[in-house]
Amino acid sequence: MRRIVSIEVEKRLAPPRWLQILAPVLSLLLALSAIGIIFLLVGVDPFFAYSEIFQGAFGSVYGLSETVVKSIPLMLCGVGLTLAFRARFWNIGAEGQLLIGATCATALALAYPEWPKAVLLSAMFLVGFVGGALWGLIPAILKARWRVDETITSLMMVYIASNLVKYLVYGPWKGPEERGFPYTSKFSPSAQLPRLAWTRIHYPTLLLALALAVVVYVLIRYTKWGYQIRVTGENPAAARYAGMSYLKTVILVMILSGGLAGVAGVGEVAGIHYRLRYPEGISPGYGFTAIIVAWLARLNPLGAVVTSLLLGGLLVGGDAIQVSLGLPSATVYVFNGAILLFVLAGDLIARYRIRLKSMELKEVS
Amino acid sequence: MREFLLTVFSLSTLQGAVRAGTPLLLGTLGEVYAERSGVLNLGVEGMMIMGSVTAFGVAYTTGNIWLAILLAALAGGLLALIHAFTSITLRVNQVVSGLAITMLGLGVSGILGKRYIGQPPGVRLGAINIPVLSDLPIIGPLFFRYDPMVYISILLVVVLWFVLYRTRWGLSLRSVGESPATADALGVNVVRVRYLAVFFGGMMAGVGGAYLSVVYAPAWIEGMTAGAGWIVIALTIFAMWDPVRALLGAYLFGGVRVLQYRLQDLGVSPPLLNMLPFIFTILVLWMSAGEAMRKHIGAPAALMQPYVREERG
């Protein structure tokens, strides 16, 4: 007699509410345990590492302020992604949209340094939004018009954007006084965002991000258009029957999703660096980390505000253990990857039930 | 213009293109198989770099280059099994799962590899020397003076092409990627085929990564794959899911990587040159979007679609 065991996944009819809340928390804990094992393998005490990360990110006023600084671009990109992912449009190119937003704002800041501060900064945010939106529209139109898969195209657009920024800062935009560094010249004071006291928190961007999170939340929750997005994502066939245009929905979604990422890019150049730099200097992968932000928030824009603080904290805490435990800067990727994997699986466990099925087979002689 | 052409078609550029293209080719061959089975694996970058760090570590400790490459394959394969489990068994979003795997690979390789930074390689795989052939003018350096992995990868192109188009296994693989329900009805084990294809893809990515750290560089540098995995994703589409076209594409893209340094003196900006593979990929995707075209070039129809067997009453 042989016994066959197979793993079967079946859909739950109604996921219990407690499970919907418990699943992400449990996933997070499991992810931390898995990472702990990796730490143990290389001889690092995981509890010490975790407490160092927590201390680094949230344990001091300075750490806390840096956590907020890093959460700003994550929040903007993440909120935009909740919208795209709800329409089941897999925009994984927020990183590129961010870089183009930064590039467009820089073009304006370098061309009109003498404009009054309020005018110039508002215009920079506007062109950053438009730039990011246009960059996001390319995969959107390719998908809606010719059914070209958006995941690959939006990803490829990241590397095109990143090379474009490199071309500009090593080439035509290189600041003459920067002595060979791949930077543009420093922005004039009119193009620099104000910061909160002694911190690096460029609060206009932060307030904009919070406001946009609320706007997107209201949009999804209470407007007809938000309803269309949800239907398009959950049941494209039903959306078509109801006369909703896929083209229109996807284009509007990507204008917002790409535009928000573009605004994040403006915040980085106008609030942190005061110049355009090589792409890794502008963003250590905020656009990719924002995917985790959106997913952890279960595609809720207000939830993304909270999760962006969490992942911003992880970036700051990751820097802290780099110094105190001698771990490489890549360590933070382990956290990102493991958390994303476990949250993905946890999501599924909330919606589905996994059963080990075993059957006994009688040998037929 | 003459100078430009002389640089592009110089012997050393062509040789460099083959060497720089080999890790891309290895990764692409694996990804072609994975995607042919219907699973998109965006974890290639992470699997490649795990291969790099494993190979370097094993070569450094044991001095055995082949053991290093073998274990690198295993490291890539193990990471691929996670992706297979999440995307085939759990049926979560393949894109997000692949990205998570890439992050995991970049992070874990960084932690494991810290002790090898700046270390000399334990052993390196050098160019072979075939009597007579290697010494021929032009022909010798162009064809007969590479390291063994270059020849192994070319051999793999032939074998994988043959398996894909001329054997039952290949037929099963293609049918699973084209129409899993039909394949299932014909008695093909969809889940098993997909698992094997994704595992194989991860192994090849691991070997591609190993090539970078024990043959090409040879050294361990954090993040040394530097986006090679993303070029593999692009190349798989550029090659339209075909092993032979993967060879041509890999050497072409490898050539672009080599030329970025050489053409700089002639006023060609490296970043603009580096954009080309990604622009080409979007164009290929766009041109192949039509249904007739898609069938013609062999794009797997069920790519990214998890398979759920309908309950049969």
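Is helix 6 of chain A mostly covered or mostly uncovered? Helix 6 of chain A is mostly covered, since 18 of its 21 residues are buried, where a residue counts as buried if 20 or more other C-beta atoms, placed from the backbone, lie within 10 Å of its own. This is a predicted model, in which local features need a pLDDT of at least 70 and side-chain atom pairs count only at pLDDT 80 or more, while totals for chains, interfaces and linings use all residues. Residues are numbered from 1 along each chain as its sequence is written, and chains are lettered from A in the order in which they are written.

**Confidence**
- The predictor gives the complex an ipTM of 0.86 and a pTM of 0.89.
- Chain B averages a pLDDT of 89, and 96% of its residues score at least 70, on a scale of the predictor's confidence in each residue that runs from 0 to 100.

**Helix 6 of chain A**
- This helix covers residues 150–170 and reaches 30 Å from its first C-alpha to its last, close to the 30 Å expected at 1.5 Å a residue; the expected span is 1.5 Å times one less than the number of residues.

**The fold of chain B**
- Chain B has 14 helices and zero strands, where helices (H or I, at least four residues) and strands (E, at least two) are DSSP runs numbered from the N terminus.
- The radius of gyration of chain B, taken over C-alpha atoms, is 20 Å, close to the 20 Å that the globule rule (2.2 Å times the number of residues to the power 0.38) gives for 313 residues, so chain B is as compact as a globular protein of that length.
- Of the 313 residues of chain B, 52% count as buried.

**Where chain B meets chain A**
- In total, 40 residues of chain B are in contact with 40 residues of chain A, a contact being two residues whose C-beta atoms, placed from the backbone, lie within 7 Å.
- The largest share of the side of chain B that touches chain A, 14 residues, comes from helix 5 of chain B.
- The residues on that side of chain B divide into 26 nonpolar, eleven polar and three charged; Ala, Val, Leu, Ile, Met, Phe, Trp, Tyr, Cys and Pro count as nonpolar, Asp, Glu, Lys and Arg as charged, and the others, Gly among them, as polar.

**B:Gly201**
- B:Gly201 lies in helix 10 (residues 190–216) of chain B and is buried, with 33 other C-beta atoms within 10 Å.
- Not counting residues up to four places away in sequence, B:Gly201 touches residues including B:Gly30, B:Tyr33 and B:Ala80.

Technical notes: A residue is buried if 20 or more other C-beta atoms lie within 10 Å of its own, exposed if 12 or fewer, and partly exposed in between; C-beta atoms are placed from the backbone.
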